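Colleague: Please pick one part of this model and take me through it closely. Spell out the terms as you go.

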Amino acid sequence: MRTALLLGTLALGLSACTVTVRPNLGLQGSGSNLIVGVRPDRGEGSTYAVGETLRLSVTTRTAGYVTLIALQSNGYTSTLIRNAYVPAGTTTFPRAQDGETYTLAEPRGLQRVRAIFTRVRPTTDLVLRGTYDDGRWNATSNAYLQPYAAADRDVQETYLYIR
(Lines give C-alpha, C1' and ligand atoms only; values in the text may rest on other atoms or scores of the structure.)
Protein backbone atom coordinates (compact mmCIF):
# COMPACT_ATOMS: atom_id res chain seq x y z
CA MET A 1 0.00 0.00 0.00
CA ARG A 2 2.79 2.34 0.96
CA THR A 3 4.64 1.63 -2.29
CA ALA A 4 1.52 2.31 -4.35
CA LEU A 5 1.01 5.63 -2.55
CA LEU A 6 4.64 6.58 -3.11
CA LEU A 7 4.49 5.64 -6.80
CA GLY A 8 1.22 7.51 -7.23
CA THR A 9 2.67 10.64 -5.65
CA LEU A 10 5.80 10.35 -7.77
CA ALA A 11 3.75 9.91 -10.96
CA LEU A 12 1.61 12.93 -10.08
CA GLY A 13 4.69 15.04 -9.41
CA LEU A 14 6.40 13.98 -12.63
CA SER A 15 3.28 14.64 -14.69
CA ALA A 16 3.62 18.31 -13.78
CA CYS A 17 7.10 18.47 -15.36
CA THR A 18 7.59 20.37 -18.59
CA VAL A 19 9.94 19.28 -21.33
CA THR A 20 11.75 22.19 -22.93
CA VAL A 21 13.54 21.97 -26.24
CA ARG A 22 16.23 24.54 -26.82
CA PRO A 23 16.73 25.08 -30.55
CA ASN A 24 20.06 25.66 -32.25
CA LEU A 25 22.24 23.76 -29.80
CA GLY A 26 25.55 22.99 -31.46
CA LEU A 27 24.93 25.00 -34.61
CA GLN A 28 28.00 26.87 -35.71
CA GLY A 29 26.28 28.52 -38.67
CA SER A 30 23.78 30.45 -36.56
CA GLY A 31 24.27 33.88 -35.12
CA SER A 32 24.61 36.15 -38.15
CA ASN A 33 21.04 37.34 -37.58
CA LEU A 34 19.86 36.92 -41.19
CA ILE A 35 16.92 34.74 -40.17
CA VAL A 36 14.51 36.64 -37.93
CA GLY A 37 12.45 33.54 -37.21
CA VAL A 38 11.09 30.21 -38.36
CA ARG A 39 7.83 28.85 -37.01
CA PRO A 40 5.03 26.40 -37.72
CA ASP A 41 1.64 27.91 -38.57
CA ARG A 42 0.30 27.06 -35.09
CA GLY A 43 3.38 28.35 -33.29
CA GLU A 44 6.55 26.80 -31.96
CA GLY A 45 5.98 23.69 -29.86
CA SER A 46 2.43 23.23 -31.14
CA THR A 47 0.78 19.85 -31.64
CA TYR A 48 -0.52 18.38 -34.90
CA ALA A 49 -2.30 15.11 -35.61
CA VAL A 50 -1.05 12.57 -38.14
CA GLY A 51 -2.57 13.52 -41.51
CA GLU A 52 -2.78 17.26 -40.83
CA THR A 53 -0.91 19.70 -43.03
CA LEU A 54 1.86 21.95 -41.85
CA ARG A 55 2.88 25.38 -43.09
CA LEU A 56 6.19 26.93 -42.04
CA SER A 57 6.95 30.64 -42.05
CA VAL A 58 10.54 31.80 -42.49
CA THR A 59 11.31 35.47 -41.95
CA THR A 60 14.62 36.85 -43.23
CA ARG A 61 16.25 40.28 -43.09
CA THR A 62 17.54 40.06 -46.65
CA ALA A 63 16.91 38.13 -49.84
CA GLY A 64 18.63 34.79 -50.23
CA TYR A 65 18.17 31.03 -50.40
CA VAL A 66 16.46 28.76 -47.88
CA THR A 67 16.75 25.03 -47.39
CA LEU A 68 14.38 23.36 -44.90
CA ILE A 69 15.28 20.03 -43.32
CA ALA A 70 13.28 17.99 -40.81
CA LEU A 71 14.39 15.56 -38.12
CA GLN A 72 11.71 13.14 -36.94
CA SER A 73 11.46 11.59 -33.49
CA ASN A 74 12.99 8.33 -34.78
CA GLY A 75 16.02 10.17 -36.22
CA TYR A 76 14.96 9.93 -39.86
CA THR A 77 15.82 13.11 -41.72
CA SER A 78 14.29 14.59 -44.85
CA THR A 79 14.71 17.70 -46.94
CA LEU A 80 11.48 19.69 -47.33
CA ILE A 81 12.82 22.22 -49.83
CA ARG A 82 16.27 22.98 -51.29
CA ASN A 83 17.75 26.33 -52.22
CA ALA A 84 14.43 28.19 -52.51
CA TYR A 85 14.91 31.86 -53.34
CA VAL A 86 13.12 34.13 -50.84
CA PRO A 87 12.85 37.92 -50.74
CA ALA A 88 13.44 39.80 -47.49
CA GLY A 89 10.45 39.41 -45.17
CA THR A 90 8.22 36.43 -44.47
CA THR A 91 7.81 33.49 -46.84
CA THR A 92 5.42 30.65 -46.02
CA PHE A 93 6.26 27.13 -47.15
CA PRO A 94 5.14 25.25 -49.06
CA ARG A 95 4.63 28.00 -51.62
CA ALA A 96 2.09 27.68 -54.43
CA GLN A 97 4.90 27.23 -57.00
CA ASP A 98 6.34 24.31 -54.99
CA GLY A 99 3.36 22.14 -55.97
CA GLU A 100 3.33 20.13 -52.75
CA THR A 101 1.97 20.03 -49.23
CA TYR A 102 3.60 19.08 -45.96
CA THR A 103 1.30 16.36 -44.64
CA LEU A 104 2.41 15.06 -41.26
CA ALA A 105 2.89 11.32 -40.87
CA GLU A 106 4.20 8.94 -38.25
CA PRO A 107 6.33 8.60 -36.25
CA ARG A 108 4.59 10.50 -33.51
CA GLY A 109 6.57 12.71 -31.18
CA LEU A 110 8.97 15.61 -31.51
CA GLN A 111 9.66 16.91 -35.04
CA ARG A 112 12.44 19.47 -35.50
CA VAL A 113 12.65 21.68 -38.58
CA ARG A 114 15.80 23.59 -39.45
CA ALA A 115 15.96 26.56 -41.80
CA ILE A 116 19.35 27.08 -43.46
CA PHE A 117 19.84 30.44 -45.18
CA THR A 118 22.57 31.76 -47.46
CA ARG A 119 22.72 35.13 -49.21
CA VAL A 120 24.21 33.58 -52.34
CA ARG A 121 22.80 30.59 -54.21
CA PRO A 122 24.44 27.44 -52.83
CA THR A 123 26.69 25.60 -55.23
CA THR A 124 25.71 22.22 -53.76
CA ASP A 125 22.48 20.60 -52.60
CA LEU A 126 22.03 19.44 -49.05
CA VAL A 127 20.99 15.83 -49.46
CA LEU A 128 20.05 13.93 -46.33
CA ARG A 129 19.31 10.23 -46.39
CA GLY A 130 18.76 7.91 -43.48
CA THR A 131 18.83 8.25 -39.74
CA TYR A 132 20.74 10.99 -37.95
CA ASP A 133 21.46 11.69 -34.30
CA ASP A 134 21.90 15.28 -33.09
CA GLY A 135 25.66 15.22 -33.59
CA ARG A 136 25.52 13.97 -37.16
CA TRP A 137 22.61 16.29 -38.04
CA ASN A 138 24.52 19.31 -36.71
CA ALA A 139 27.75 18.21 -38.39
CA THR A 140 25.97 17.86 -41.76
CA SER A 141 24.37 21.32 -41.44
CA ASN A 142 27.66 22.89 -40.38
CA ALA A 143 29.63 21.23 -43.21
CA TYR A 144 27.07 22.46 -45.76
CA LEU A 145 27.52 26.05 -44.53
CA GLN A 146 31.33 26.09 -44.26
CA PRO A 147 32.01 27.48 -47.77
CA TYR A 148 30.01 30.64 -46.98
CA ALA A 149 31.24 33.60 -44.96
CA ALA A 150 29.71 33.83 -41.48
CA ALA A 151 28.01 37.11 -42.46
CA ASP A 152 26.33 35.39 -45.43
CA ARG A 153 24.74 32.40 -43.67
CA ASP A 154 22.38 31.65 -40.84
CA VAL A 155 20.57 28.69 -39.29
CA GLN A 156 17.50 28.65 -37.08
CA GLU A 157 15.40 25.79 -35.82
CA THR A 158 11.86 25.27 -34.60
CA TYR A 159 9.92 22.28 -33.35
CA LEU A 160 6.45 20.79 -33.16
CA TYR A 161 4.83 17.61 -31.92
CA ILE A 162 2.97 15.00 -33.94
CA ARG A 163 0.32 13.02 -32.03
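**A charged pair and the strands around it**

Modeller: By the rule used here, seven salt bridges are counted (a side-chain nitrogen of Lys or Arg within 4 Å of a carboxyl oxygen of Asp or Glu). This is a predicted model, so local features need pLDDT of at least 70 and side-chain atom pairs pLDDT 80 or more, while totals for chains, interfaces and linings use all residues. Residues are numbered from 1 along each chain as its sequence is written, and side-chain values use heavy atoms, without hydrogens or water.

Take one of the salt bridges. E52 pairs with R42. Their closest N and O atoms are 3.1 Å apart. The two residues belong to distant parts of the chain, 10 residues apart. R42 is in the loop between β1 (35–40) and β2. E52 is in the loop between β2 and β3 (53–54). Helices (H or I, at least four residues) and strands (E, at least two) are DSSP runs, numbered from the N terminus.

Now follow β2, the strand named in both loops. Where does β2 sit in its sheet? First, the order. The sheet is open and has five strands: β2-β10-β9-β5-β6. Its pairing is mixed (two strands pair if DSSP finds at least two bridges between them). β2 (47–48) stands at one edge and β6 (77–86) at another. Each has a single partner strand, so one side of each has no neighbour in the sheet.

β5 covers residues 64–71 and runs antiparallel to β6. Seven bridges join β5 and β6. Across this pair, L68 stands opposite I81 in β6. Strand β6 also holds N83. The phi of N83 is positive, near 50 degrees, and N83 is not a glycine.

Helix α2 (residues 134–145) lies across part of this sheet (contact means heavy atoms within 4.5 Å). The strands under α2 are β5, β6, β9 (109–118) and β10 (153–162). The helix runs at about 15 degrees to β9 (axes are lines fitted to C-alpha atoms, for helices over the stretch in contact; angles run from 0 to 180 degrees between N-to-C directions).

Back to β1, named with the R42 loop. Which sheet holds β1? It is an open sheet of three strands, in the order β1-β4-β7, with antiparallel pairing. β1 and β7 are the edge strands, and each pairs on one side only. Neighbouring strands here are turned by 15 degrees against each other on average, direction ignored. Strand β4 (residues 56–60) runs antiparallel to β7, and five bridges join the two.

Which bond is cis between F93 and P94? The peptide bond is, with omega about 0 degrees. P107 is in the loop between β8 and β9. Most peptide bonds are trans.
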